[in-house]
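These are my notebook entries on one protein structure. I set down what I looked up, entry by entry.

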Amino acid sequence: GDDALLFAGTGANQFDEKYYRRLRWRIDLHIMPILIFIYFTQFLDKNILSYASIMGFPVKGIHYNDVAQAFYMGFLVWMFPTQYIGQKLPLAKYLGANIIIWGGVVMLHAVCHDFSGFYALRFFLGTLEASVTPALILIVSMWYKQDERATRIGWFYAGNLSTSIVGGAVAYGVTFYKGAIAPWKLLYLILGALAVFNGIIVVIWLPDSPMTARFLSKEEKIAALERVRLDQAGTHNKHIKRYQIKETFQDIRTWIMFFIIMTIGIPNGGDSAFSNIITKSFGWTSRQSLLLNMPRAAIGGFAVVAVGWLSDRLHDRMTLILIFTLPTLIGMVIMTTMQYSGKRGVLEFAQLIQNLSAPCFPLCYAWNASNIAGHTKKVTVNAFTLFTFGVGSVVGTYIFLPADAPGYIPGKAAIVVLTVFQMALCAAMAYVNIRLNKQKKLALEALITENQWSEEDIQKEREKAAFLDLTDKENVFFSYT
């Protein structure tokens, strides 16, 4: 069974809604700022290369693509091992140790001077950052109910997007530095030190689970578990269950999500490394490009928080992903067809509106958090999602090739095609979940008839099943969003 079963028992403990609301506020206050800071740091450090690319970074041409790709190669190699190690160890402590070490790796970029050194450092940075997103999704699943998760994932993902404001501002300021250290090196030193500080905060203040939270009393810990009991997804279990791994790869939704994430990951790989280069290709200077990329965070951050909230209210993920894919499609069509028009204002607008599609990836996280049960299955699905994202991002770092500069028209056209494919896949995923819910309803009705359960019996069985570490397929009470 789930670790929470030992703590809270099989029968539900009763707390009123006012108590739960006050408890949720305490959890938000203690947990969410740390998660936002973690994701902010992770995305900022991954994307320092994009800022450095127009600040005198010494690697150019196809070798720049290779250095950008190295991060995702490390990410891929270590994605599954780091998730299963994290399942065996105290989750927050393991995460914090990874952050401290990667801060050191970021700072080492400042003493590197050739392609092989940068490639190695980016590779190791990828292995260390592979632990972050699946861990944060598991933490959100431990603390929040199904109809609260998209909002919270939106909050920490908005922290991710705010990096373009902070990173752009720091990079812009550093360009005016005239000392002995090259500006791009100073940028790596400053942001690496910030990551070390972040890791220390995580180790000291982020609890590994609700059962170990020092900011909660024993009664509040039980209440925190009761809040998520009826979602039927459990909280934490240190035992790796092989049958749940097998079930993950037999689930058709795993493979639909695989292709959805690929269609998101490929554009991400290109955008992470080339966004500032593409902005500069419209006719702006390096400093103007750094400033013009800053509003992207405000647009994307607002969209992520607002759409995450809306998703929880509507209990819908895939429909919203489909709708908010449209800005990328429209923006990329404009950038493909008007690259050489000389209308840099229109091109900048087309690049900026694509940030309205920012909610799509965090909504995929929220979809995983709300539609998968069984701790090992959740760990496997989260790792596979990020592994797929890494594969897509590796491909994406070569979508904009030096031979296609400065317009990169073939790469932009490829993103248009991928976006259309993504929309079709989202419609298919929504259909599958609706169909599975109908099957669940029929199966539950059959059990009720067979066992002659009363309403009280049904509720007891529902409570009993919640912390047995059953998968979504095994648990007849589980419902998909």
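Entry 1. I located Tyr408 in the loop between α20 and α21; helices here are DSSP runs of H or I with at least four residues, strands are E runs of at least two, and both are numbered from the N terminus. I noted a positive phi of about 55 degrees for Tyr408, although Tyr408 is not a glycine. Tyr408 is buried, at a relative accessible area of 7%; buried means under 20%, exposed over 50%, and partly exposed in between, with a 1.4 Å probe and protein chains only. The loop between α20 (375-396) and α21 (409-451) also holds Pro406. I found a cis peptide bond joining Ala405 and Pro406, with omega about 0 degrees.

**Entry 2. Basis of the model.** I record that this is a predicted model, in which local features need pLDDT of at least 70 and side-chain atom pairs count only at pLDDT 80 or more, while totals for chains, interfaces and linings use all residues. Residues are numbered from 1 along each chain as its sequence is written, and side-chain values use heavy atoms, with hydrogens and water left out.

**Entry 3. His315.** I checked another residue other than glycine with a positive phi: His315, near 55 degrees. His315 sits in the loop between α15 (295-314) and α16 (318-323). Its relative accessibility is 47%, so I class His315 as partly exposed.

**Entry 4. Domains.** I took the chain as divided into domain 1 (12-236) and domain 2 (240-439), with bounds that come from an automatic or database domain assignment. Their C-alpha centres lie 19 Å apart. The contact (heavy atoms within 4.5 Å) takes 56 residues from domain 1 and 63 residues from domain 2.

**Entry 5. Nonpolar cores.** I define a nonpolar core as a set of buried Ala, Val, Leu, Ile, Met, Phe, Trp, Tyr and Cys residues joined through side-chain atoms within 4.5 Å. The largest has 128 residues, and Leu35, Ile38, Phe57, Leu136, Trp143, Leu206 and Ile260 have the most contacts inside it. Helix α2 (residues 17-46) gives the most to this core, with 12 residues. Because domain 1 (12-236) and domain 2 (240-439) both give residues to this core, it lies between them. Beyond its neighbours within four places in sequence, Leu35 is in contact with Leu136, Ile139, Val140, Phe156 and Leu206. Apart from this core I found another, of six residues, including Leu444, Trp453, Ile458 and Ala465.

**Entry 6. Helix α9.** I list Thr163, Ser164, Gly167, Gly168, Ala171 and Val174 as the buried residues of α9. Down the helix axis these fall within an arc of 130 degrees, so they line one face of α9; the arc is that of the directions from the axis to the C-beta atoms.

**Entry 7. Cysteines.** How many disulfides are there by this rule? The count is zero, a disulfide being a pair of cysteine sulfur atoms within 2.5 Å. For Cys364, the nearest cysteine sulfur is that of Cys426, 6.5 Å away. Cys364 is buried at 0% relative accessibility, and Cys112 is buried at 9%.

**Entry 8. Ser370.** I placed Ser370 in helix α19 (residues 360-371). Ser370 is buried, with a relative accessible area of 0%. Not counting residues up to four places away in sequence, Ser370 touches Gln146, Arg149, Arg317, Phe478, Ser479 and Thr481.
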